[in-house]
Amino acid sequence: MASLKELRARIGSIKSTRKITSAMKMVAAAKLRRAQASAEAARPYAAAMRRMLGELAAATKGEEGAPRLLAGTGQDKVHLLVPITSDRGLCGGFNSNVNRLTLQTIKKLQAEGKTVKLLPVGRRALSFFNREHANLIVDQVIGFSGKEVPFSVASDLGNKVNALLEAGDIDVCTLVFNKFQNAMTQVPACQQLVPMVVDDVVATASAASAPAEDAAQYEFEPDEATLLAMLLPRNLQVQIYASLLETAAGENGARMTAMDNATRNAGRTIDSLSKVYNRTRQTNITNELIEIISGAQAV
Amino acid sequence: MPIQIEIISPEKVLVSREVDMVVMPGAEGDIAAMPERAPMMLLLRGGIVSLYDNDAVTDRYFVGGGFADMTATRCTILADKAEPVSEISIDNATAALEALTEAWDKADKTDISRLDVLQDKILSVRAEIEAGSSAS
């Protein structure tokens with residue numbers, strides 16, 4: 001049985017842990033609200049981009065020599081996986097879910113005889129894959145999460161992917177990240193970036209534009225191919241940006257939930273420790289009394 | 001009849017309102033969007049987008065390249081980077097220009113496609129500095 005002094009120290013330390021976790025929860029809640037707002041604000045750009053891309057893809061459909069970002073390299077040999085995690089832990093299973101899904105995907109692809117390359121984003125993914133698959137890592141991006149995500153991070157990342165693709169180093173590029181559903185739930189998912197999954201984009205664009213807009217033919221300046229070549233890398237960046245924002249929001253949501261649980265657990269531990277503490281104290285008093293009484297009787 | 005103008009940067013929507021005319025810097029020359037214009041998609045260079053109400057400029061925004069999508073009733077500008085001219089920081093822009101000039105000096109002069117990209121960036125930053133200094 002632990003002594004009273006030890007118990008007091010333990011209760012004290014758990015109390016200060018509870019203070020820290022509840023403060024972290026508050027901070028995460030505030031950051032979550034901000035991250036959600038910026039994810040919200042980024043949506044119109046992505047929507048407008050999709051609309052333009054749909055128009056352009058429809059206009060250039062069937063032409064030879066489509067850009068690689070749209071059509072891929074025509075092969076399916078080298079896969080680039082981009083797991084996106086946060087830089088810091090203490091957010092429940094948020095990061096390990098992404099890492100685990102990536103690991104499964106790597107195994108699956110390797111079993112099919114494909115080459116896999118990795119471009120981890122965020123410190124958690126980087127350190128995880130440095131242990132597991134250090135030889136597959138081609139590049140890395142870290143040190144932005146926790147703050148507002150600047151668009152430049154996404155554009156740098158997009159440029160890296162694009163450069164790899166143009167050099168013929170990769171054939172397919174897939175993002176692995178946590179899709180933000182609400183503050184409590186984030187679902188890890190894969191999203192293929194290259195070649196672009198164009199069908200639904202074109203379908204939604206033509207469905208939206210056909211009845212609403214007048215049927216007049218679009219003019220393009222400069223020509224369609226040039227515009228498409230400029231627009232596609234942008235679209236890549238925008239998609240990456242969207243997933244970064246979702247990760248930022250999800251990280252804070254997950255941390256909020258995790259810290260809420262931790263705070264509650266700490267409370268529970270304090271309760272049970274206090275119970276033990278009080279019982280021990282009472283036992284000590286009783287013991288002392290028995291000693292005194294039996295001493296008095298002996299006289 | 002006014003047209004609906006939207007200037008959108010990746011981070012947020014800067015402007016969404018109705019104006020009489022918008023003049024924007026197309027990659028091959030300035031272009032005005034007016035009501036009843038034939039639909040058009042346009043590549044933008046770095047420069048100033050001016051919003052006109054009743055033949056007078058009411059607002060000016062700097063865009064650092066991007067795309068524009070015009071139809072008869074609306075005009076959507078997707079800017080890589082956008083800010084009101086009054087908020088341009090000349091110091092930041094000058095620093096960016098110096099960095100770019102350095103990159104230009106170091107760049108491999110035979111790699112035309114990379115030089116083109118750099119040149120576009122330099123021109124865009126120069127336009128930003130010019131716009132900023134004319135505003136203040």
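Trainee: How many residues of chain B are in contact with chain A?

Mentor: This is a predicted model: local features need pLDDT of at least 70, side-chain atom pairs count only at pLDDT 80 or more, and totals for chains, interfaces and linings use all residues. Residues are numbered from 1 along each chain as its sequence is written, while chains are lettered from A and ligands numbered from 1 in the order in which they are written. Two residues are in contact if their C-beta atoms, placed from the backbone, lie within 7 Å. On chain A, 23 residues take part, and on chain B the number is 21.

Trainee: Which element gives the largest share of the side of chain B that touches chain A?

Mentor: Strands (E, at least two residues) and helices (H or I, at least four) are DSSP runs, numbered from the N terminus. β5 (40–53), β6 (56–70) and β7 (74–79) of chain B each give two or more residues to that side. The largest share is four residues, and it comes from β5(B).

Trainee: Which residue of chain B stands opposite A:Phe220?

Mentor: Strands pair if DSSP finds at least two bridges between them. Three bridges join β5 (residues 219–221) of chain A to β5(B), and these strands run parallel. In β5(B), the residue opposite A:Phe220 is B:Met41.

Trainee: Why is one side of β2 and of β4 of chain A left without a neighbour in the sheet?

Mentor: The open sheet has four strands, in the order β2-β1-β3-β4 (chain A), with mixed pairing. β2 (115–118) and β4 (186–194) stand at the edges, so each has a single partner strand.

Trainee: Which residue of β3(A) is the bridge partner of A:Pro83?

Mentor: β1 (residues 78–83) and β3 (residues 172–180) of chain A run parallel, joined by five bridges. Another pair there is A:Leu80 with A:Cys173. For A:Pro83, the partner in β3(A) is A:Val176.

Trainee: How many residues of β1(A) are buried?

Mentor: A residue is buried if 20 or more other C-beta atoms, placed from the backbone, lie within 10 Å of its own. β1(A) is mostly covered. Of its six residues, the buried number is five.

Trainee: Which residue of β2(A) is the bridge partner of A:Leu81?

Mentor: β1(A) also pairs with β2(A), in the parallel sense, over four bridges. In β2(A), A:Leu81 has as its partner A:Leu118.

Definitions and conventions:
A residue is buried if 20 or more other C-beta atoms lie within 10 Å of its own, exposed if 12 or fewer, and partly exposed in between; C-beta atoms are placed from the backbone.
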